[in-house]
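I opened the model to look up a few spots. My notes follow in the order I made them.

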Amino acid sequence: MTDPRTPSAPSQPANPATGPATGVSAGAEGNWFGYRPVDPDAKSGLVRAVFDSVAGRYDLMNDLMSGGIHRLWKDTLMEMVAPKADMTLLDVAGGTGDIAFRFLQRGGGRAVVCDITEAMVRVGRDRSYDRNLLTGVNWTVGDAEKLPIASRSVDAYTIAFGLRNVTRIDAALSEAHRVLKPGGKFFCLEFSHVVLPVLREIYDVYSFQVLPRLGRMVAGDEDSYRYLAESIRRFPEQQALVKRIEAAGFGAVRVRNLTGGIAAIHSGWRI
């Protein structure tokens, strides 16, 4: 793995409670692993290491980060996807199968799950066996920035809690556009930026002071949980992401805030 080195983008002033400020410029996310400056070539390996660590406790991780509400957010996402029997879904960074299983249970035709972390894919495949889902879902290891998926081959693309971890967000958005059929739809469910000031303060204290300690006590992994909290603050704000999705070629791009902006669903049409 390449040694981390100082990137061209400057670090930002820190808040004692929350760490460095948000506002990484478009395309600069590859220079950061949470609040740690890194060589972009090293970032994907660091991300894989995090998810290798948490793969067996992924649901617990999301429970701790969202207070258990992530299940409702995923249900909302699936309502927006509106599965149909003739639809093919590509779920990126969806190794444990949460989105794919919902898609199939609600009448979707076929799901393809692609995740950069093999350990996550193994967890999802095991869960599909436990649910006796032996057909209808395919599992593959692959990078969101270079998908092993044919162009114009899927009806819907979802990425839930994964886009903030990619090295180059714009490359991942371009790949989403490539693999979708014309008229297909893109959906991104992601932790985002809280829009209610009082809730923002509470969530910052929880994220940076409570969550890492819970990660240490419950999962024995404080560092991974600290990274995950930091990565949320490094993620583009809602309207900034809208512009980047539009720049990738999507039309009618919309954002729906969930729980005051703790999470958000971005959507757009492949035209």
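Is Thr140 buried, partly exposed or exposed? I read a relative accessible area of 24%, so Thr140 is partly exposed. My cut-offs: buried is under 20% relative accessible area, exposed is over 50%, and partly exposed is in between, with a 1.4 Å probe and protein chains only.

Ground rules next. This is a predicted model, in which local features need pLDDT of at least 70 and side-chain atom pairs count only at pLDDT 80 or more, while totals for chains, interfaces and linings use all residues. Residues are numbered from 1 along each chain as its sequence is written, and side-chain values use heavy atoms, with hydrogens and water left out.

**Thr140.** I place Thr140 in strand S7, residues 137-141. Helices (H or I, at least four residues) and strands (E, at least two) are DSSP runs, numbered from the N terminus. Leaving out residues up to four places away in sequence, Thr140 touches Val112, Val113, Cys114, Asp115, Val121 and Pro148. Contact here means heavy atoms within 4.5 Å. I also took the C-alpha distance from Thr140 to Glu175: 16 Å in space, 35 residues in sequence.

**Helix H6.** Glu175 is one of the buried residues of H6 (169-179), along with Ile169, Ala172, Leu173, Ala176, His177 and Val179. They pack against strands S5 (88-92), S8 (154-160), S9 (180-191), S10 (250-258) and S11, and against helix H9 (238-247).

**Ser267.** I followed S11 (263-270) to Ser267. Ser267 has a relative accessible area of 4%, so I call it buried. Beyond four places in sequence, its contacts are Met80, Lys185, Phe186, Phe187, Ala252, Val253 and Arg254.

**Glu29.** Glu29 sits in the loop between strand S2 (19-20) and S3. It counts as buried because its relative accessible area is 8%. A polar atom of its side chain lies 3.0 Å from the backbone nitrogen of Ile169. I also checked Glu29 against Asn165: 136 residues apart in sequence, 8.9 Å apart C-alpha to C-alpha.

**Largest pocket.** Asn165 turned up again here. Of the 23 lining residues, Val47, Ile116, Gly162, Asn165 and Val166 lie nearest the centre of the largest pocket. By class, I have 12 nonpolar, six polar and five charged residues in the lining. Which helix gives the most to the lining? Helix H1 (40-54) does, with five residues.

**Helix H1.** H1 has 15 residues and spans 22 Å from first C-alpha to last, close to the 21 Å expected at 1.5 Å a residue. That expected span is 1.5 Å times one less than the number of residues. I list Ala42, Lys43, Gly45, Leu46, Val47, Val50, Phe51 and Val54 as buried in H1. Their cover includes strands S3 (32-33) and S4 (36-37) and helices H2 (58-66), H5 (118-130) and H8 (222-234).

Conventions: On a 1 Å grid over the protein atoms alone, a cavity is a set of points where a 1.4 Å probe fits but cannot get out, and a pocket is an open set with protein on both sides within 12 Å along at least five of seven lines; lining residues have an atom within 4 Å of a point. Ala, Val, Leu, Ile, Met, Phe, Trp, Tyr, Cys and Pro count as nonpolar, Asp, Glu, Lys and Arg as charged, and the others, Gly among them, as polar. A polar contact is a pair of N or O atoms within 3.5 Å; within protein, one must be able to donate a hydrogen and the other to accept it, and residues adjacent in sequence count only if both atoms are side-chain atoms.
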